[in-house]
Amino acid sequence: SAKYSGRITIYSPQLNAPTTLNLGATPVTEVAQGTVLVRNYGSAPLRIDRVVFNQEGFSVEETFPLVIEKNKSVTLHVSFNGQEQAPFEAMMQLYSNDPDHRLHNIVVTGSRFAPNYLHFTAEDVLNDGALLLHVDLSNYDPVDGIQFDVTYPNQWFTPTDDLITLKSEKSV
């Protein structure tokens, strides 16, 4: 006031968080997971009342409301359990008591894939000069066929078709 030379200080929280989160490429047999660091740069406790996603399959581990003291931070653990083999994008919304940003949007991206893997193991050259190359398939989807190229460094010899044999062994 002009008469008493007083002043008023208003304390308020200030939310700081990223606007994107990439969960990367994850097999459909596993849960895609990531973290979001939420900071309070304000002068009063920040309260996150809830987190909402615009798609099914997303969740956070934390319990709400969540209070973050001034100059402190909290890590939110985000999970996605979608089974579709495709890229995904969803909106994660944080509702808080920050007077300037009551709603904070985070775009969550990533992709899901079928975990089909080929594993190659080469053993030492045998006494007869043969090189054994083991190929193991770990598959999620049914497999109709496999095609791959083998490149051999011809420091010791140049392989020809009559020197290469393919053994068909299948185990379930």
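## Strands that pair up

Two strands count as paired if DSSP finds at least two bridges between them. Keep that in mind as you look at this structure, which is a predicted model. A handy spot to begin is A90, which stands opposite V108 in strand 9. How many bridges link strand 8 and strand 9? There are nine, and the two strands pair in the antiparallel sense. To get from strand 8 to strand 9, the chain goes through a hairpin of six residues.

Strand 9 has another partner too: six bridges join it to strand 2, and those two strands run parallel. Here V108 turns up again, as the bridge partner of L21.

## Two faces of strand 9

Now look at which way the residues of strand 9 point. Its covered face holds H104, I106, V108, G110 and R112. The uncovered face has L103, N105, V107, T109, S111 and F113. If you read along the numbers, you'll spot an every-other-residue pattern.

Elsewhere, four strands make an open sheet in the order 1-3-7-5, with antiparallel pairing. Which strands sit at the edges? Strand 1 (15-16) and strand 5 do, and each of them pairs on one side only. Strand 5 is joined to strand 7 by three bridges, and S59 has S79 in strand 7 as its bridge partner.

## The nonpolar core

The largest nonpolar core has 25 residues, and V38, M92, L94 and V108 touch the most other members. In general, nonpolar side chains in soluble globular proteins tend to be buried together.

Leaving out residues up to four places away in sequence, V38 touches L15, N16, A17, L46, I48, I68, K72, S73, V74, L76 and L94. That last one, L94, is also among the core residues that touch the most other members.

## A tucked-away threonine

T26 belongs to strand 2. Is T26 buried or exposed? T26 is buried, because its relative accessible area is 7% and the cut-off for buried is under 20%. Apart from residues up to four places away in sequence, T26 touches V31, A32, S111, R112 and F113.

Conventions: Residues numbered from 1 in each chain as written. Predicted model: local features only at pLDDT ≥ 70, side-chain atom pairs only at ≥ 80, totals over all residues. Heavy atoms only, no water. Core = buried A, V, L, I, M, F, W, Y, C linked by side-chain atoms within 4.5 Å. Buried < 20%, exposed > 50% of the residue type's maximum accessible area, 1.4 Å probe, protein only. Contact = heavy atoms within 4.5 Å.
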